[in-house]
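Student: Before we start, can we go through this model label by label? I'd like to see what stands behind each term.

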Amino acid sequence: MPCFHRANIAYGTGFRYFTGVMPELPEVETVRRGLAPVLEGRCLRRVEQRRPDLRIPFPENFAARLQGQRVKRLDRLGKYILARLEDGNVWVIHLGMSGRMVIDPPGFSDGAAAPGRHDHVIIETDQGRRIRFNDARRFGLMTLLPESEIATHPLFRDLGLEPLGNDFNGVALAAALRGKKTPIKSALLDQHVVAGLGNIYVCESLYHAGIAPLRQAHRVAAAAKGAQAENLARAIRQVLGDAIAAGGSSLRDHVQPSGELGYFQHRFAVYGREGEPCPGCDCDVRRKGGIKRIVQSGRSTFYCAIRQR
């Protein structure tokens with residue numbers, strides 16, 4: 001039963017483009033966890049949609065359909081946040097390159113935190129909290145989908161393995177990599193293989209698994225009767241878990257909903273550290289050159305040529 005029903009829709013203009021780093025699974029999971037105490041179980045008392053589109057147009061009557069609904073729970077699927085609503089719909093959120101869900105402190109109504117130019121959706125809950133979706137580049141998206149259509153919707157139907165799911169292990173990863181004659185780095189970036197991974201955490205995971213980024217994916221699947229895939233799956237889970245515990249990585253745009261920065265960037269083993277020694281390095285960096293940087297499919301790859309084979 002809707003707990004409130006009202007919608008205000010206003011439209012603005014303006015577009016700016018920046019290059020940056022796409023939030024990956026740990027950043028999205030950090031945002032989900034930050035939003036959960038404020039949104040789960042709460043009614044969306046007021047929703048304001050301040051422009052007609054982001055990366056894609058908002059669905060028709062988006063604000064009116066969202067407003068008045070109660071959020072049952074927040075889930076994450078790959079790089080998407082799914083807010084499951086009481087009416088059977090799912091509010092889908094993707095942060096894009098620069099999207100932020102900002103939770104204002106109590107007392108926002110005193111005018112101290114007026115909406116900014118890039119605050120495209122504003123939500124107020126029945127508990128008196130305000131959440132703003134801020135996206136300078138407008139590469140994010142928000143939409144509403146029936147819960148029954150999530151599994152078959154084009155946004156989700158081809159997503160690969162969920163790396164923090166109970167079914168993610170060496171056997172499942174080897175099966176997903178089998179027959180892929182592409183570099184392992186490229187294969188792991190493919191959202192049809194593993195959902196949620198991006199450039200940072202693939203570089204870090206390959207380092208911790210001791211696998212060179214140029215190795216063929218199908219060879220990783222077959223190596224040592226699956227042992228290498230098991231090591232890689234374990235490294236992926238460990239790296240993602242450590243990054244989530246650190247609040248993600250804040251390189252340019254990512255902040256937690258509270259406004260705090262993530263700090264996993266201070267623990268990178270290889271990413272962004274070209275020419276430096278890797279952790280525990282005992283080789284002659286001046287002679288060996290330290291961490292290497294190459295470009296694969298237009299993206300920088302960082303790795304240790306000594307420890308990754």
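Tutor: Let's start in helix H3 (residues 170–177), where Gly170, Ala172, Leu173, Ala174 and Leu177 are buried. This is a predicted model, so local features need pLDDT of at least 70 and side-chain atom pairs count only at pLDDT 80 or more, while totals for chains, interfaces and linings use all residues. Residues are numbered from 1 along each chain as its sequence is written, and side-chain values use heavy atoms, with hydrogens and water left out.

Student: What makes a residue "buried", and what makes a run of residues a helix?

Tutor: Buried means under 20% relative accessible area, exposed over 50%, and partly exposed in between, with a 1.4 Å probe and protein chains only. Helices (H or I, at least four residues) and strands (E, at least two) are DSSP runs, numbered from the N terminus. By those rules the chain has eight helices and 11 strands, and buried residues make up 51% of its 309 residues.

Student: Which helices do the buried residues of H3 pack against?

Tutor: They pack against helix H4 (184–189), helix H6 (217–222) and helix H7 (227–245). Contact here means heavy atoms within 4.5 Å. Over the chain, of the contacts between residues at least 6 apart in sequence, 70% join residues at least 24 apart.

Student: Which residue caps the N-terminal end of H3, and what follows the helix?

Tutor: Asn169 is the cap, with a side-chain oxygen 3.1 Å from the backbone nitrogen of Val171. A polar contact is a pair of N or O atoms within 3.5 Å; within protein, one must be able to donate a hydrogen and the other to accept it, and residues adjacent in sequence count only if both atoms are side-chain atoms. After H3 comes Gly179, with a positive phi near 85°.

Student: Why is Arg32 called buried?

Tutor: Its relative accessibility is 16%, so Arg32 counts as buried. Arg32 sits in helix H1 (residues 25–39), and its side chain reaches the backbone oxygen of Leu74 at 3.1 Å. Beyond its neighbours within four places in sequence, Arg32 is in contact with Leu74, Asp75, Arg76 and Ile81.

Student: What about Glu276: where is it, and what does its side chain contact?

Tutor: Glu276 is in the loop between H7 and helix H8 (285–288), and its side chain makes a polar contact with that of Arg273 (2.9 Å). At 34% relative accessibility, Glu276 counts as partly exposed. Leaving aside neighbours within four places in sequence, Glu276 is in contact with Gly290 and Ile291.

Student: What makes a space a pocket, and what makes it a cavity?

Tutor: On a 1 Å grid over the protein atoms alone, a cavity is a set of points where a 1.4 Å probe fits but cannot get out; a pocket is an open set with protein on both sides within 12 Å along at least five of seven lines, and lining residues have an atom within 4 Å of a point. Grid points are joined across faces, edges and corners, and a volume is the space filled by probe spheres set on the points. The largest pocket holds about 450 Å³. Of its 23 lining residues, the closest to the centre are Met22, Lys79, Gly198, Asn199 and Arg299.

Student: And how many cavities are there of 30 Å³ or more?

Tutor: The count is two.
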